[in-house]
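This briefing concerns a predicted model. It is arranged by topic for reading beside the sequence and the coordinates.

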Amino acid sequence: MARLTAYNRKRDFAVTPEPPGRIGKSAGARRRFVIQRHAATRLHFDLRLELDGVYKSWAVTKVPSLDPATKRLAVEVEDHPIDYGTFEGTIPKGEYGGGTVQLWDNGTWWPQGENPQRDLAKGSLKVCFDGKRMKGGWALIRLRDDKTGFRRSTRHNWLLIKEHDDSARPGEPDALASEVTSVKSGRTLEEIASRSRNVWHSNRSETSEPEPKPRATAKRATAPAKKKPAAAPKPKPAAKKKLRKR
Ligand code: MN
């Protein structure tokens, strides 16, 4: 549980639609990854790699670059629960990370080295992605000093770098910037935001969601949903059993 303490401390689950943090169960040899495009104070891309029951997480400040010569700053953030990997919706203004979250990519990753835990600790992790938009080899390299002016000096800054391979696009660092829809629902950030105003929890379904439901449906959901945000249970010992079933 200790690894998700920071995640839980930053959030009020009575207010935010994000899932409470619990350690998840491994999905097997191929680990999951997700990238969430997040329109917070600044638009950024949250890269999350499944490792040991949590998502190791970085906030990448620009769209991942397919040009190996163009490195992207990736600010290490707190571990996130595996449940977070399907989250798409709007975090209320004023809450931690307030803004709309879109599932921008997902799939599996695997380490190029033998021991990803050790490589992470050393600050040099080489991975392969098999996602819808992220493919092939990438490197995460930790910087030695915090010279970027980010508020929390305790946060480590990394670089996300595309490797030279078939999926690289030398000279086209912003090739992925035209990808603006959700891989889960096909929606743009604006469409997710407009729907989230009516429905607190649009994040529970694993399957692709169709276009926003007709007005009548959304209206019906408004009153009860606002009164009591559904998934607000604080993590309890009893909840653990339920989780294992997922
Ligand atoms: Mn974020």
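**Strand pairing, metal site and core**

β8 and β9 pair in the antiparallel sense over five bridges. Within this pairing, Trp138 has Lys162 of β9 as its bridge partner.

**Strand β9**

- Strand β4 (residues 72-81) also runs antiparallel to β9, and four bridges join them.
- Arg72 has Leu160 as its bridge partner in β9.
- Because six of the six residues of β9 are buried, this strand is largely enclosed by the rest of the structure.
- In a regular strand, side chains alternate between the two faces of the sheet.
- In β9, Asn157, Leu159 and Ile161 point one way, whereas Trp158, Leu160 and Lys162 point the other way; all are buried.

**Manganese site**

- The manganese ion is coordinated by His38 through ND1, His44 through NE2 and Asp46 through OD, at 2.1 to 2.3 Å.
- The sequence spacing of these donor residues is H-x5-H-x1-D.
- Both His38 and His44 are buried.
- Asp46 is located in strand β2 and counts as buried because its relative accessibility is 6%, which is under the 20% cut-off.
- The side chain of Asp46 forms a polar contact of 3.3 Å with the side chain of His38, and another of 3.2 Å with the side chain of His44.
- Leaving aside neighbours within four places in sequence, Asp46 is in contact with Val34, Ile35, Gln36, His38, Trp58 and Ala59.
- Asp46 and Ser57 are separated by 11 residues in sequence, and their C-alpha atoms are 6.8 Å apart.

**Nonpolar cores**

- Nonpolar side chains tend to be buried together in soluble globular proteins.
- The largest nonpolar core comprises 24 residues, and those with the most contacts inside it are Leu47, Leu49, Trp58, Phe129, Met134 and Leu140.
- Two or more residues of this core come from each of β1 (31-39), β2 (43-51), β3 (54-60), β6 (99-111), β7 (124-131), β8 (135-142) and β9 (157-162).
- β2 supplies the largest share of this core, with four residues.
- Not counting residues up to four places away in sequence, Leu140 touches Leu47, Leu49, Trp58, Ala74, Gly123, Ser124, Leu125, Trp158, Leu159 and Leu160.
- A second, separate core has eight residues, among them Leu4, Tyr7, Phe13 and Ile91.

Notes: Residues numbered from 1 in each chain as written. Predicted model: local features only at pLDDT ≥ 70, side-chain atom pairs only at ≥ 80, totals over all residues. Heavy atoms only, no water. Core = buried A, V, L, I, M, F, W, Y, C linked by side-chain atoms within 4.5 Å. Buried < 20%, exposed > 50% of the residue type's maximum accessible area, 1.4 Å probe, protein only. Contact = heavy atoms within 4.5 Å. Donors = N, O, S within 2.8 Å, 3.2 Å for Na, K, Ca; no water. Pairing = 2+ DSSP bridges. Polar contact = N/O pair within 3.5 Å; in protein donor to acceptor, adjacent residues only side chain to side chain.
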